[in-house]
Amino acid sequence: MPKNYLIGIGGTGARVIEAVINLCAAGYGPEELSVFIVDPDAGNGNLTRTKSLIADYKKCRDALKRTPDNPIFKTDIKIPPDEKGFVWEIFTDKGSTLSSFINYENMKRKKKELADFASVLFSNQELDTQLNEGFRGHPSIGSVVMSNPDTESYPFKMLFDDLAERKINDVKVFLVGSVFGGTGAAGFPTFGSKQILKYHPAAKVGENKSKILLGGALVLPYFTFELDNETSEKMFVTANDFPLATKAALQYYNEKDLGFDEIYFIGDSLGQKVGKFGVGSKKQENSPHYIELVSSLAAFDFYRQEDTKETAEKMLFTASRESTKISWDSLPVSRDATVIRKEQGKLKTLLTTMTVFAYSYLTFGKKILATNHRDIKDTWYVENFKFNNKDQQDKEKDPRQNPNKDPLDDFEKFLNNFLFWIASMDDDSGKVNFIDKKVLMNGEMEKGKPRLFDPENDVTKNNIGQLLKNEKSKNEDFRIFKNKLNDVKLDKRIAIASDKYLNIFYEAAAAYSKSNYNVESNNTK
Amino acid sequence: MNKSPLNYLITIALGGVLWVITAIFYGGPFSESLMLATATPEQFLGNFRMILGVAAVIGIVNCLYWYYYGNLDSTVGDLKKAKRVWWTSFIFQIIVAVALLFILVFMNLKEGILTSDWIITYALISLHTWFFFWLCTFVMSPRNVKFIPLFK
């Protein structure tokens, strides 16, 4: 089986990986995926969010035994063995500058002509700005410091270890980063250059042949942010710089012969706001955006190729919207026109089902777990959770007690973040029509703590039937969902209480989504 | 057995069979065994069968209502209310049993029937009312309310 690698570069890379993880959680992903990130800004809010999400994903996946029809968390996501190795931070010292990286002071003394050349290429500000919070929209700095990744230490060690005993194009490496910022703009062409990955001695197999099939999604400007007028930083990028940076970068990609076999150019003209400006570190935490979902779909399309010629032809992909509105059937899910509708249907089904699952579990599911076992008369519960809660031996059959409590808590955390992610794509403009956040939660979203509407309340009991924005549905209320819970016939092999609990909710969510939203659950394989 | 119309049909059939057993097969010998002051055993038997018939009809109708109510989509959304409905029905059946016994007692006040015979009569009426309701709903309640009946 080919190995799939996803390398996120910079803040946008981290956000695309966040989308990939959420899609994999919903069941839309390859069987196996190895992931890591390149970002000098280890404290970057986007990166922290993604790291935490991957850790939660792995906990949930390890804990859950799924029924055969349940596709959630099917992707085996691999990361470097230690958490620190997950991100290549480039600099080992805090307060690193370009000047310290190239040993500029020493250079001035020993090789003055080289130092003079460096001073022509870089301004004093570029040489002396601390880079632990990224390259601040100056890719020329990043390309210098990223050109020599250490293949003997993680995370690149993971990739290079995997190259041994692989055939031509057997390791599919997909890079994702933005063209308009700092880290992504620097890292994308640097890692895309022929000698670093594609034709690295460990990957090269003869003339113009490599074990690595190299793809990438180059994300063009797709958002704006509010500028913080009180910032004391002198060197940073603003949304106004994006078009010029993009133009220069695209000109570079057009002229330069890079090692990419396939590149997806992804952008958006809506210019949605994704939060306040932050140079880097914790301040750089932007709301999820649908373009990150689209970039993830590009990666999955790349991994799906089965027959790749030994010397792959270079391919460039672009897709554009037919109107200003984005809906399920305008998502570019595949290069193959004959399967686009099927793939769109599959994606819609899986994300709808996952949303219904997350919403019902986080509301009604949590409420049941907070209720005394003996007071619960719901058929699905009584039939599946038979135990004497006064008997110590029987406690492991109680979903409220460990070993069941910890996995359910992990799922609660993950599903909260999933709802935050999917609902964040609804930006109130009415142009992005996936999940309607107004029927899902009350007020503004807060990451990890969405204030979800009570589905058993008379006023909001219909909300579960109206989650898809601007889509027809039967508007079945939450009582119908409860009926679906009662109808679930669980696979006998699912014996652990937490597995039973989660599978019952997922299967009911799948049945409800099929009935209310007319999404096809047998379309998800 | 908890799917409609199977539970409806079984309940009606069971109520009918129970009435035949209690009112016909058991009722004949039972009325013959009584020491009646003025009335004939046939007169008592007529009243006895009528009272058991009324009890059976009320018991069956109450079960059928529970099945109908238990199948409503709205019921699964409010199981606390469903529990109240079941208990109200059950207590109503006990009251019906007592009321029917009193009616039969008043109809035969002058006959001098022994207390032990009235206890047997109450047991037979109960068999058609609260016990019948409990048994049928215990075994044949719709899935949504399957665990609402007492001791389930």
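Trainee: What share of the contacts in chain A with a separation of 6 or more comes from residues 24 or more positions apart?
Mentor: The share is 76%. Keep in mind that this is a predicted model.

Trainee: How many helices and strands does chain A have?
Mentor: Chain A has 17 helices and twelve strands.

Trainee: And how much of chain A is buried?
Mentor: Of the 525 residues in chain A, 47% are buried.

Trainee: Which residues have the most contacts inside the largest nonpolar core?
Mentor: They are A25(A), V173(A) and A299(A). That core holds 132 residues.

Trainee: Take A299(A). What does A299(A) touch, leaving out residues up to four places away in sequence?
Mentor: A299(A) touches L6(A), V20(A), F174(A), V176(A) and A217(A).

Trainee: What about the second, separate core? How many residues does that core have?
Mentor: The second core has 32 residues. Among them are F48(B), I60(B), C63(B) and F133(B).

Trainee: Let's do helix packing. At what angle do helix 1 and helix 2 of chain A pack?
Mentor: About 25 degrees. Helix 1 covers residues 10-26 and helix 2 covers residues 45-63. Their axes are 8 Å apart.

Trainee: So what do we call that, roughly parallel or roughly antiparallel?
Mentor: Roughly parallel, because angles under 35 degrees count that way.

Trainee: Is the crossing left-handed or right-handed?
Mentor: Helix 1 of chain A passes helix 2 of chain A in a left-handed crossing.

Trainee: Which residues make that contact between helix 1 and helix 2 of chain A?
Mentor: Helix 1 of chain A brings G11(A), A14(A), R15(A), I17(A), E18(A), I21(A) and A25(A). Helix 2 of chain A brings N46(A), L47(A), R49(A), T50(A), L53(A), I54(A) and Y57(A).

Trainee: Over to chain B. How far apart are the axes of helix 2 and helix 6 there?
Mentor: The axes of helix 2 and helix 6 of chain B are 9 Å apart. Helix 2 runs over residues 41-71 and helix 6 over residues 130-140. They pack at an angle of about 30 degrees. That makes helix 2 of chain B roughly parallel to helix 6 of chain B.

Trainee: Which way is that crossing, left-handed or right-handed?
Mentor: Helix 2 and helix 6 of chain B cross in a right-handed way.

Trainee: Who makes the contact between helix 2 and helix 6 of chain B?
Mentor: From helix 2 of chain B, look for G59(B), N62(B), C63(B) and W66(B). From helix 6 of chain B, look for F132(B), F133(B), C136(B) and T137(B). By class, this contact of helix 2 with helix 6 of chain B has five nonpolar, three polar and no charged residues. C63(B) and F133(B) also belong to the second core.

Trainee: Now the two chains together. How many residues does each chain give to the contact?
Mentor: Chain A gives eleven residues and chain B gives eleven residues.

Trainee: Which helix gives the most on the chain A side?
Mentor: Helix 16 of chain A does, with six residues. Helix 13 (379-384) and helix 16 (478-487) of chain A are the elements that give two or more residues to that side. By class, the chain A side has three nonpolar, three polar and five charged residues.

Trainee: What is the phi of E165(A)?
Mentor: About 55 degrees, a positive value, although E165(A) is not a glycine. E165(A) is in the loop between helix 8 and strand 5 of chain A.

Trainee: Is E165(A) buried or exposed?
Mentor: E165(A) is exposed, because 7 other C-beta atoms lie within 10 Å and the exposed class takes 12 or fewer.

Key. Residues numbered from 1 in each chain as written. Chains lettered and ligands numbered in written order. Predicted model: local features only at pLDDT ≥ 70, side-chain atom pairs only at ≥ 80, totals over all residues. Axes fitted to C-alpha atoms, helices over the stretch in contact; angles between N-to-C directions. Helix = DSSP H or I, 4+ residues; strand = E, 2+ residues; numbered from the N terminus. Parallel < 35°, antiparallel > 145°, perpendicular 65-115°, else oblique. Left-handed = near helix turned anticlockwise from the far one by under 90°. Contact = placed C-beta atoms within 7 Å. Nonpolar A, V, L, I, M, F, W, Y, C, P; charged D, E, K, R; others polar. Buried ≥ 20, exposed ≤ 12 C-beta atoms within 10 Å, placed from the backbone. Core = buried A, V, L, I, M, F, W, Y, C linked by C-beta atoms within 7 Å.
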